[in-house]
There are 4 protein chains.
Amino acid sequence: MVARKTTNATVTPKGSLETLSQREVQQLRETGSGSVYALFRQCALAILNTGSHSDNAKTILEAYPDFEIRILQQDRGIRLELFNAPADAFVDGEMIASTREMLFSALRDIVYTQSELENKRVDFNSSKGITDYVFHLLRNARTLRAGVEPKIVVCWGGHSISTEEYKYTKVVGHELGLRGLDICTGCGPGVMKGPMKGATISHAKQRNVGGRYLGLTEPGIIAAEAPNPIVNELVILPDIEKRLEAFVRVGHGIIIFPGGAGTAEELLYLLGILMHPDNRDLPFPLIMTGPKKATPYLEQLHEFIGATLGAEAQQRCKIIINDPGQVAREMAQGIHEVTQYRRKQNDAFHFNWLLTIDESFQHPFEPTHENMASLKLTRNQPVHELAAHLRRAFSGIVAGNVKDKGIRRIEQHGPYEIIGDRDIMLPLDRLLQAFVDQHRMKLPGNTAYVPCYKLAT
Amino acid sequence: MVARKTTNATVTPKGSLETLSQREVQQLRETGSGSVYALFRQCALAILNTGSHSDNAKTILEAYPDFEIRILQQDRGIRLELFNAPADAFVDGEMIASTREMLFSALRDIVYTQSELENKRVDFNSSKGITDYVFHLLRNARTLRAGVEPKIVVCWGGHSISTEEYKYTKVVGHELGLRGLDICTGCGPGVMKGPMKGATISHAKQRNVGGRYLGLTEPGIIAAEAPNPIVNELVILPDIEKRLEAFVRVGHGIIIFPGGAGTAEELLYLLGILMHPDNRDLPFPLIMTGPKKATPYLEQLHEFIGATLGAEAQQRCKIIINDPGQVAREMAQGIHEVTQYRRKQNDAFHFNWLLTIDESFQHPFEPTHENMASLKLTRNQPVHELAAHLRRAFSGIVAGNVKDKGIRRIEQHGPYEIIGDRDIMLPLDRLLQAFVDQHRMKLPGNTAYVPCYKLAT
Amino acid sequence: MVARKTTNATVTPKGSLETLSQREVQQLRETGSGSVYALFRQCALAILNTGSHSDNAKTILEAYPDFEIRILQQDRGIRLELFNAPADAFVDGEMIASTREMLFSALRDIVYTQSELENKRVDFNSSKGITDYVFHLLRNARTLRAGVEPKIVVCWGGHSISTEEYKYTKVVGHELGLRGLDICTGCGPGVMKGPMKGATISHAKQRNVGGRYLGLTEPGIIAAEAPNPIVNELVILPDIEKRLEAFVRVGHGIIIFPGGAGTAEELLYLLGILMHPDNRDLPFPLIMTGPKKATPYLEQLHEFIGATLGAEAQQRCKIIINDPGQVAREMAQGIHEVTQYRRKQNDAFHFNWLLTIDESFQHPFEPTHENMASLKLTRNQPVHELAAHLRRAFSGIVAGNVKDKGIRRIEQHGPYEIIGDRDIMLPLDRLLQAFVDQHRMKLPGNTAYVPCYKLAT
Amino acid sequence: MVARKTTNATVTPKGSLETLSQREVQQLRETGSGSVYALFRQCALAILNTGSHSDNAKTILEAYPDFEIRILQQDRGIRLELFNAPADAFVDGEMIASTREMLFSALRDIVYTQSELENKRVDFNSSKGITDYVFHLLRNARTLRAGVEPKIVVCWGGHSISTEEYKYTKVVGHELGLRGLDICTGCGPGVMKGPMKGATISHAKQRNVGGRYLGLTEPGIIAAEAPNPIVNELVILPDIEKRLEAFVRVGHGIIIFPGGAGTAEELLYLLGILMHPDNRDLPFPLIMTGPKKATPYLEQLHEFIGATLGAEAQQRCKIIINDPGQVAREMAQGIHEVTQYRRKQNDAFHFNWLLTIDESFQHPFEPTHENMASLKLTRNQPVHELAAHLRRAFSGIVAGNVKDKGIRRIEQHGPYEIIGDRDIMLPLDRLLQAFVDQHRMKLPGNTAYVPCYKLAT
């Protein structure tokens, strides 16, 4: 490991952390020394490392073993003291403004999450309670702005894509920005960065100085997918389910770019919600797009949706190949319909209250072998419930592929067994095989892919 | 009773009530129907009646017997529906912007207070807990602004003063505004309005568009002392003690104009705090001033302070007679010292954390005959404790003079007996007699004043 | 003469005088020493004296005989050095912001006027040329703002009116401000101040921070009618005709309050323009109003218009007695029609290009006895031409009453002889007599009024 | 020629063209039909083509042979009507905001230039007169902002450079932006674009929304070097000498990147000015920099300066190789010194009045064979005069290489003869040969370079 250049520094907050009561300062200090310290340190390190493209969580943490961050009380409020911090986060001894902002965003969100938990105010046992919780987290982060016309486009897709696909996401972002639309992603590299980069240029061309680049992340991902420097609003949600809910509640439309099993999981999450009977008439523009070379990928996904969830599900998701202008035009049109609908329903522009999210999508799915084996991949249930089970299947596959806990489970007990109706399992098999063939099943290291699952009927 | 012109209307909020979670909307609706409804209705009526000079709480409430205000839920948030509201609050059918703003300020503060109580998060049993509570109320009202240089001057004094005294407060306000200072008062007529009016003109002359006119009130007073229309920040604190604490924590200096027993109570509150050993070295500009004719009043008060609390207490309170320019210059200079002190101590500009307020000043004093009789008006105690007891004495006299409960107590049990050392009781007697002679003991109606107290040694 | 407190000071400019070329600085320095110096000194003194209510031009100039103002060059631009300036214009040694602003407005306008003259770019011999000149003066003063909706209400009337009339103008201004309208006057006391004062309060109530208080003056008047401190845009037009044109080109509606012969002259100026055939279909709200006591005055004026210019002229000028709310509502409605008309015609909101102003209204009228005697007050001409002659008649009477040159002419040659048709001269006689009876013929000093005119048929 | 997609459209102005007098509208319409029409059409086409990287002036003009642009009068002002305009300048039928802005910048500057000429107000026969002219052009374009701290860095260099050199300019721009500095270039591709692109990203990182990207061009260049879309202030100066003066008067420091003979000309222009005795003590940071591979180029230029103008000239120009951070730090430090100097001298921050520019640098040099042959490249003159002659030599070579007129002259009369002292001609020969060897002598087409000059001693 090469020694990195480091620096020590003191920074004071901007924004909502500027006016704190003594009780809150006390809470923060406890954060700085107590059990959530490791979490904050890890997020802070990821943020300070913004822009160092090639790192993953582990290498970052290893590269700065003696990095420390302390929260100090002073009568006027708090300040952070950093030791052995990555030197690249500073210019002539002063921390770069966006880095400083994100650092305090992380602190803000971690403290708020913690304090809500201690409060016992949140009702985690009801769908409404969880939705309120997500709302409060986002409002506390000042993400929800009353009266602003709908214009947030969520972009989903892989963080590790081909150069051609990456360039395509930039052009799409550019076209979205030309039409005044803002970008929201998961805030790492790849599809999380390309559309923001494109929109930055086109917002400048349109003399639009208030462009929003919203990054929604969670503690488990931020280290691996550090917020790219374009992100100008960073929110750290407490877990993957709250983050997914945040996406669909603040976004006014969603574009799906090429990705792997994770992207498939996201698509199934969204379709599972949109196929819920309550949501059938809700306008929600959803477009799948990619460059010419991505055609086979997009078609396979489309076919899979058709074969498992049916034609109606297929129709909720428009496919546009290699036409960024058309993607942007249709998204703008779709968001226009969302605007009119919300106005008619008197719903908020800043939060999609009318979207029903079944509780099963709000609680985390734990991919044990038992849970995976008992997924209900059969026809004798409403389509949106089948979608929920399929999403869990992909969630398990992602875990078995790349997450610590999942990998250990596979090592101990062998591949997951996934069982279901033949006319569901066959398309699933084809799709998974295609991911493997197209090298979209990304593994740590570059070894050939050995499936972590067996399909059975 | 003459029938007043009324109107029906619907208004939607601006500001912090624009983005509400469904839980919060639910809470609000309960407010609209539940036990705090009467409170909100009363505040709303006072606000809608802003600018109707001659009314007191009772007459306002009686003038609009069928006034109603309902909180309605709609998906995008809330809206208020008003029935039989005072027509003067509207122009061509639209509510005047400042009235609408204050209406939602009242709702905001009442809801917040209520929700904090239900939360059980506030520690009402410790001085720190109460101070944190006041801080959170003010922050929720967006009164606390980080980074703004100290410039809030609190003006205390009577709401019913002579024309000459009223004009004098306007000139002082004008001089303060010329020097860039903002005004904070209890938000009714008289001394609560004059300085704001003067500063409005001088802020305009200095092309200062961000001038703040902060009104701090509480539910028991707002109806009698409706916020004057210049107030552009209204905060409703839950009771008189929280309101007094708010004044001394957000104000950077205090000016005392002529007034009655209530003003004497306020002065003793402040001196009681400033004489606390912890606060001895804390800069806190305090000026007593009035026009030439008010000289006897000011001198009497000054002598009383000297005779009871001593020379040191006298010295914390500068007297300036008939020289508005000098008042403003000394206040500006005093606030300059406050600024430097806070900078040195790293204390917040927006909240005076360093000021120690003894718990005895934070809990309400209940003026029963027993409590009044057991006030400790003796020399054998620290000066700041004597001040606390003297304040309670005045508080009781105010209650016995004008407050419902106090008046009934006097009717039942005769005048309060106030007992103390002779060299305290004599100056007290002289001061009270002077108030009577100068017609500063205001009573409902215009009957001759019959004292509600007997002094004994 | 009591010695006034004076002070010396140096001030630097804000706004358009901040970036000057060396040629322009040179020009300015010449201004400071050359022939226009006396003009600038006089305007500066009037501005520095803002708020000293009782002074007229002569007493001001006499009160500060050794006042001097010098324009100094420095590489970065210019600065003004003042000697023996009125001390009231300063707070703790620093000039009040609005005074400083107006001082540089005066310099800006005087220099621009001068430079346009030297330029020989202005075509003073064509109506279009003069209108362009007025436009350029106003644009240079940044009075013309593209894209702002019409909302400027011009208020005309006397600077010396009864207290009741003054209070009425304040209430009307308050009602205008409640409806978001801005005020433009001739920037002295009386009717020039009242509406601005009322609107200041109502703009604050409506949380309207961009309220405009436009004062249009000319060098001959500014000393006698110093801009009141509410004026936040001051423009000094070169003479009375340019100033009148500026009023009708930037104003979107006009209200006429009680006044004397001068006000009658203004009304005839405006009717003379509105009766021009080109302007017949042009919407231009014009309201005459006053408190109850002013009824006789308003009715007399109205009758006079009817008797001389006819019913159509009467109808262009609505009379509303003692109903400020109604005045404001009708003005708002009238301006709404102006807005729609300009939108339809694609005319600018900021300058009334479509209004035809006959050249005879643009050139000054010199009231010699010969010119007065040859006024054509007869029926055998278009109504708008008769209006022009009547305006000149009043202009002459004003001059004969109060202007130096006019008074001297009357002393030398006796009263003006004004000759015309009997059915014009009789109403004129009645109107003038009424002005005398109501003490609206104001004279320097308080001597009884001796008419400066004789009417003949 | 492939047919390009075109569109018709109407656009209305923003900014200073919004409030026009009728005289000015008339002028503009004459512009639209008169002799300057061709000029405006050409600039407009270049601007509408922004972002089409590969085009040069001729191909653009040929690609849109039937493009037309008309200035229409409407009462409210003007509007532009475009026929057969490049479709890429529009999004869904609406012109991109920056394009529209630049279009009206071009109109503004062309009209102003024209009107100043007609005015006969400019004194072209004095150095001061020309400088005032440049000042007025820049002020009219709102480039000069009073009170803003110095931070404009001019970047000079080739528009056609290697990818490595281009990337280097981006990194330097990024480092400048991190330190809050703004960028000014000649507004085409290559060095004109790279630093702006880098600074865009770092300004965003530093949350600096007011970053300025100033592009100074002239009609003869704009078509070939269309403003890149990042430029947010475009000024079209009337000729190359005014443009060079604008650079050195508004820039607070200059960085020279690799380029060809044109860049050498610019360097000699600047050194010629800085070596003027009046300017010796004037701080003016000047840095030459490039990536490692550009070392030979930079050293050769440096040596040439030493050999011809001497060590003092060498010392005014710091060389930094391959260290963008160091370039930015030294530039920031240099500009800090400029700030202090101007403050001390009371000079404007927005225009370098104190810089003496000899008249010989202000008038265009016409590169006829006769003028080239009579250049005085000898030692017996002040160094800054030698620099002036050397600059003219390079100016001629540029013309002989690429400009229409120059090329025709060479065809007719053979290569220029340039005569001078041996110890000047030898270094010149070496430098020119190096340019040829490094392919920095760019020619239209890709033929081998045949020198347009002969050196003699």
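User: In which sense do strand β6 and strand β7 of chain A pair, and over how many bridges?
Analyst: Strand β6 (residues 152–156) and strand β7 (residues 182–185) of chain A pair in the parallel sense, over three bridges; pairing requires that DSSP finds at least two bridges between two strands. Strands (E, at least two residues) and helices (H or I, at least four) are DSSP runs, numbered from the N terminus. This is a predicted model, in which local features need pLDDT of at least 70 and side-chain atom pairs count only at pLDDT 80 or more, while totals for chains, interfaces and linings use all residues. Residues are numbered from 1 along each chain as its sequence is written, and chains are lettered from A and ligands numbered from 1 in the order in which they are written.

User: And what is the bridge partner of Val154(A) in β7(A)?
Analyst: That partner is Cys184(A).

User: What order do the strands of the open sheet in chain A take?
Analyst: Seven strands of chain A form the open sheet in the order β9-β8-β7-β6-β10-β11-β12, with parallel pairing. β9 (233–236) and β12 (318–321) of chain A stand at the edges with a single partner strand each, so one side of each has no neighbour in the sheet.

User: Which strands does helix α7 of chain A lie across?
Analyst: Helix α7 (residues 194–205) of chain A lies across β6, β7 and β8 (213–217) of chain A, and runs at about 165° to β7(A). Angles here run from 0 to 180 degrees between N-to-C directions, with axes being lines fitted to C-alpha atoms, for helices over the stretch in contact. Helix α13 (residues 324–345) of chain A also packs on the sheet, where it touches β6, β10 (253–256), β11 (286–290) and β12 of chain A.

User: Switching to the assembly, how many residues does each side give to the contact of chain B and chain C?
Analyst: Chain B and chain C give 17 residues each, where contact means that C-beta atoms, placed from the backbone, lie within 7 Å. On the chain B side, α4 (97–119) and α7 (194–205) each supply at least two of the residues that touch chain C.

User: What about chain A and chain C, how far apart are their nearest C-alpha atoms?
Analyst: Those atoms are 18 Å apart, and the two chains do not touch. Chain B and chain D likewise have no contact, with their closest C-alpha atoms 19 Å apart.

User: Last one: which residues does Leu271(D) touch?
Analyst: Leaving out residues up to four places away in sequence, Leu271(D) touches Ile305(D), Leu309(D), Ala313(D), Arg316(D) and Ala387(D).
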